[in-house]
Amino acid sequence: MLEAPIVFLSGKGGVGKTTVAAAHALAAAEAGRRVLLVSTDPAHNLGDAFGRPLGGEPTRVAAGLDAVEIDPDAECARYIERVKGNVRATVRSSLLEEAERQIDMAGRAPGAYEAALFDRMVAILLDDARPGEAGGYEQVVLDTAPTGHTIRLLTLPELMGAWVDGLLRQRNAHNRERSQWLGDGEAPEDPLYELLSERRRRIASVRDLLLDPGTTAFAFVLIPEHLPIEETRRAVAELDEHGLRVSAVVVNKVLPEAADGAFMAKRRAAEAQHLAAIERHFADRARYYVPLGAADVQGLEELRAIGRRLQG
């Protein structure tokens, strides 16, 4: 994961995903890379990991490491305003009020949240961070929302690409009919078609990045318990179906060998069964193990210790 220009880290809520993402990003930065760490998780825990407030613009949190916390509600509002701006340029004034009302309703519909986050992710990867390019960050680490949201976010390029293709075909047919009606044989100017074409190009560019195993690495964080294992197993299989291969799992909060006592012995026996299940279910993926600490992870030194475990 240290080598990939783009790294996605996801997992069930409460497994320590944000801590692992912060530790990995810090390790990559201290290995000499310019790193941008981005959180799309509405829980907003990333700033707590570094002990400082974060916002929607990059903030330096360590040498070579910048961090961003995306506010999904603010992104959704901005996304709706951008759509309205596009519509104002293409819709007659008599229809504008109704068009904007429909857009506001769509902004409250299922999927608007993911569409807004996807739009921001596209802007980060193609415009702001430009991972792997000269002048850009050498690695972008994305700490994503819990598993279900992540799957919807990562499969959006495929779904939205097909949807925009359908819209482009409709506009193309409409323009041909209009040209024939006007009788001049020339295709009319169509700002909406140009907007859709540009959006399709950007969606295809991001999809190419996500599907390239030399560019993007996907990893899931889990803990050795039944529910996180099963949720991760289903998520890995679903992403595989979309061509997004999860290359690694990070097993967090593993009981350290030094833990003792009768209670811990029972916990260790139960954990051994879960660790065996992880070995069985994810035998074809890289596996990293992070021991459970005696206290919450706070500060750069503790993140560095986890980062060293991930590198090892």
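What is the volume of the second largest pocket? The second largest pocket has a volume of about 680 Å³, where a volume is the space filled by probe spheres set on grid points that are joined across faces, edges and corners. A pocket is defined on a 1 Å grid over the protein atoms alone, as an open set of points where a 1.4 Å probe fits, with protein on both sides within 12 Å along at least five of seven lines; lining residues have an atom within 4 Å of a point.

The model is predicted: local features need pLDDT of at least 70, side-chain atom pairs count only at pLDDT 80 or more, and totals for chains, interfaces and linings use all residues. Residues are numbered from 1 along each chain as its sequence is written, and side-chain values use heavy atoms, with hydrogens and water left out.

Eight strands form an open sheet in the order E3-E4-E2-E5-E1-E6-E7-E8, with mixed pairing. Strands (E, at least two residues) and helices (H or I, at least four) are DSSP runs numbered from the N terminus, and two strands pair if DSSP finds at least two bridges between them. Strand E3 (59–62) and strand E8 (286–291) are the edges, each pairing on one side only. From one strand to the next the twist averages 25°.

Helix H1 (residues 17–30) packs on this sheet and touches strands including E1 (6–11), E5 (139–143) and E7 (246–254); contact means heavy atoms within 4.5 Å. The direction of H1 makes about 170° with that of E5, with axes fitted as lines to C-alpha atoms, for helices over the stretch in contact, and angles running from 0 to 180 degrees between N-to-C directions.

Strand E4 shows both senses of pairing. E2 (residues 35–39) runs parallel to E4 (residues 65–69), joined by five bridges, while E3 and E4 pair in the antiparallel sense over three bridges. Ala67 of E4 is the bridge partner of Leu37 and also of Thr59. Two residues lie between the strands in the hairpin of E3 and E4, where Gly64 takes a positive phi near 80°.

Back at the pocket, the lining comprises 30 residues, with Gly16, Thr19, Asn252, Lys253 and Val297 nearest the centre. H10 (300–311) gives the most, five residues. The lining has twelve nonpolar, ten polar and eight charged residues.

Definitions and conventions. Nonpolar A, V, L, I, M, F, W, Y, C, P; charged D, E, K, R; others polar.
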